[in-house]
Amino acid sequence: MAVLKWLSICLTLFCQGTAASKHCRWTQFRLRKLNDVSIGLLSDMGGLFPLMCAEENVEQMFPEDLYKNTEGEDVSVVALEAMRYVEQLYNNSLTSVTWNKTNLNMFQNVIYRQVQNLELCVVGGVWESSGDGWSVTLKTYFNKLNTVLKEKEHSACAWEIVRKEIRENLVQFKKFIDSRVKL
């Protein structure tokens, strides 16, 4: 009887591990493509940074070395944390934006799909990072973007600043993916 229970436990753990590794292959093959799509949609939905917002534009806030400081972290964990922040940010009031609504909706859907698939990769919903500096830096960065939106009352120019920043974030994230996920 004890052997049967032990065998049952081993089989369950094996199946969970197999399912998790199958989903994580998604990270290897789809994350890069969806990130490229997100960058393109951000560029296309609003075009060039508007001249009327030039005075409100702030210096780049994205910490260039953020993703370089993720040594030892699983790609899926880093990606999930970053994409959850992007998803939360774009769930704010977007009424003042003049962007192409179709591209905006597609961007939101692509980010949502990434979060859903990454959650499958990170088994058991334990997505919190190890609490290293990169995670704190990422949270601080997104808090700054939320502050820009609040201080500028979610104006069109505030959203242009955020769009520019998120695009830079995703470009740096692409470099991170390229350095960590080999085909």
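In what order do the elements of the protein run from the N terminus on? They run α-α-α-α-α-α, and the protein has six helices and zero strands. Helices (H or I, at least four residues) and strands (E, at least two) are DSSP runs, numbered from the N terminus.

This is a predicted model, in which local features need pLDDT of at least 70 and side-chain atom pairs count only at pLDDT 80 or more, while totals for chains, interfaces and linings use all residues. Residues are numbered from 1 along each chain as its sequence is written, and side-chain values use heavy atoms, with hydrogens and water left out.

**Burial and the nonpolar core**

Of the 183 residues of the protein, 42% count as buried. Buried means under 20% relative accessible area, exposed over 50%, and partly exposed in between (1.4 Å probe, protein chains only). Contact means heavy atoms within 4.5 Å; among contacts between residues at least 6 apart in sequence, 89% join residues at least 24 apart.

In soluble globular proteins, nonpolar side chains tend to be buried together. A nonpolar core is a set of buried Ala, Val, Leu, Ile, Met, Phe, Trp, Tyr and Cys residues joined through side-chain atoms within 4.5 Å. The largest such core has 49 residues, of which Tyr67, Tyr90, Phe107, Phe142 and Ile166 touch the most other members. The elements that give two or more residues to this core are H2, H3, H4 (101-121), H5 and H6 (156-180), and its largest share, ten residues, comes from H3. Leaving aside residues up to four places away in sequence, Tyr67 touches Phe62, Val78, Ala82, Leu138, Asn169, Gln172, Phe173 and Phe176.

Axes are lines fitted to C-alpha atoms, for helices over the stretch in contact, and angles run from 0 to 180 degrees between N-to-C directions.

| Pair | Axes come within | Crossing angle |
|---|---|---|
| H3 (residues 75-89) and H5 (residues 133-151) | 11 Å | roughly 10° |
| H3 and H6 | 12 Å | roughly 170° |

Angles under 35 degrees count as roughly parallel, over 145 as roughly antiparallel, 65 to 115 as roughly perpendicular and the rest as oblique. H3 and H5 are therefore roughly parallel to each other. By class, their contact has ten nonpolar, two polar and two charged residues; Ala, Val, Leu, Ile, Met, Phe, Trp, Tyr, Cys and Pro count as nonpolar, Asp, Glu, Lys and Arg as charged, and the others, Gly among them, as polar. Residues on the H3 side include Glu81 and Tyr85, and those on the H5 side include Lys139 and Phe142.

H3 and H6, by their angle, are therefore roughly antiparallel to each other. Their contact involves Val75, Val78, Ala79, Met83, Val86 and Leu89 of H3, together with Trp159, Val162, Ile166, Leu170, Phe173, Phe176 and Arg180 of H6. These residues divide into twelve nonpolar, no polar and one charged.

**Helix H2 and its surroundings**

Helix H2 (residues 31-46) has 16 residues and reaches 23 Å from its first C-alpha to its last, close to the expected 22 Å, a span taken as 1.5 Å times one less than the number of residues. Its buried residues include Arg32, Leu41 and Met45. Just after H2, Gly47 takes a positive phi of about 70°.

Asn103 lies in helix H4 and counts as buried because its relative accessibility is 15%. Beyond residues up to four places away in sequence, Asn103 touches Leu41, Asp44 and Met45. Asp178, found in helix H6, counts as partly exposed at 33% relative accessibility. Asp178 and Arg32 are 146 residues apart in sequence and 7.7 Å apart in space, C-alpha to C-alpha.
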